[in-house]
Amino acid sequence: MRIVLCYPVEPKHLAEIAATAPDADLIDAGQERIAAEILEADIYCGHAKVHPLPWDEVVRQGRLRWIQSSAAGLDHCLTPSVVASPIVVTSASGVLADQVAEHALALITGLLRSLPVFFRAQQRKEFIRRPTRDLHRATIGIVGFGGNGRRLAEVLRVFKGRILATDVFPDDKPEYVEALWPAERLHDLLAVSDIVILAAPLTDATRGMIDAAALACMKPGAILVNMARGPLVIEPALVEALTSGRLAGAGLDVTAVEPLPPESPLWDLPNVLITPHVGGQSATRIDDMTQFFCENLRRWLTNRPLLNLVDKRLGFPRSRFGDPSGR
Ligand code: GLV
């Protein structure tokens with residue numbers, strides 16, 4: 001059995017994986033060699049970021065049996081050919097949720113406490129006072145209540161506001177979430193939220209969900225934070241909502257095109273905080289990912305249900321514990 005990796009492992013991670021599957025050949029392909037190595041893989045764990053992988057060829061060959069994505073998002077591997085194939089896919093949903101929650105908090109509080117204004121004043125050595133806003137007692141709307149959305153709600157509950165959420169499977173509402181609505185009620189959520197956080201996967205159903213009509217539903221002065229994938233948002237419509245003053249600000253860890261091109265008007269908007277898709281970064285990211293992969297590898301080797309088994313037609317896992325009937 002050949003296990004091919006494409007995430008930044010160190011020798012200690014390779015040792016951990018080798019100890020979990022002592023009979024396997026372990027290949028640390030890295031970003032440069034993965035497009036070739038994937039063709040010789042039985043199991044693949046990673047996220048190819050530099051070169052797109054030849055998924056159609058991988059499927060045609062029929063050797064690859066399992067993809068463990070090292071990202072929560074699966075848009076990098078769920079091509080139509082992979083979806084139609086027998087390849088099993090598992091995601092890293094929840095593995096990076098602590099960091100995503102911290103980063104969302106940074107963007108939200110940064111915008112509400114006017115940090116972009118004060119930072120620009122600091123660079124000019126100007127001691128100016130300007131209005132700020134409160135996160136406490138705000139109504140927060142979370143779009144997508146999977147691993148990241150749920151962790152966000154847990155963290156944000158201390159701010160004593162209302163927390164609302166939408167999800168394709170609106171089950172298991174924690175008591176500190178006031179309402180968990182089906183995904184079709186997105187516009188209801190937008191209409192009452194002071195802060196809207198996007199934590200939904202990119203699928204055919206979510207692509208472009210924040211369009212001009214959705215933005216027009218949002219409360220005047222609301223803030224939009226995107227921790228998910230850029231193509232969820234129609235960027236020209238967002239720019240219009242931000243320049244017209246309808247939205248007070250946006251925090252964008254992701255954009256439709258990454259890197260965000262220099263000519264994007266988003267760079268110059270004073271009420272936008274942009275970070276370069278670093279929400280999941282963490283000093284322990286590779287350790288945590290390796291631990292998660294090894295747990296799933298043990299399950300794979302002993303024919304037990306995998307964690308975060310993806311329903312490939314939906315584009316995300318329905319259950320962290322592999323039971324498609326519920327969470
Ligand atoms: C990062 O964007 C991830 O999907 O984990």
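**Close-up views of helix packing**

**View 1. The end of helix H5.** Just after H5, Ser 114 takes a positive phi of about 60°. The model is predicted: local features need pLDDT of at least 70, side-chain atom pairs count only at pLDDT 80 or more, and totals for chains, interfaces and linings use all residues. Residues are numbered from 1 along each chain as its sequence is written, and side-chain values use heavy atoms, leaving out hydrogens and water.

View 2. H5 covers residues 97–112. Its 16 residues reach 22 Å from first C-alpha to last, close to the 22 Å expected at 1.5 Å a residue (1.5 Å times one less than the number of residues). Helices are DSSP runs (H or I, at least four residues), as are strands (E, at least two), numbered from the N terminus. Buried residues (under 20% relative accessible area, 1.4 Å probe, protein chains only) include His 103, Leu 107 and Gly 110. The buried residues of H5 pack against helices H6 and H7 and strands S9, S10, S11 and S12.

**View 3. H5 against H7.** The axes (lines fitted to C-alpha atoms over the stretch in contact, with angles from 0 to 180 degrees between N-to-C directions) come within 9 Å and cross at roughly 55°. Contact (heavy atoms within 4.5 Å) involves, among others, Ala 101 of H5 and Leu 152 of H7.

**View 4. H1 against H11.** Helix H1 (residues 11–20) and helix H11 (residues 285–301) have axes within 9 Å that cross at roughly 10°. H1 and H11 are therefore roughly parallel. Ile 17 of H1 and Phe 293 of H11 are among the contact residues.

Key:
Buried < 20%, exposed > 50% of the residue type's maximum accessible area, 1.4 Å probe, protein only. Parallel < 35°, antiparallel > 145°, perpendicular 65-115°, else oblique.
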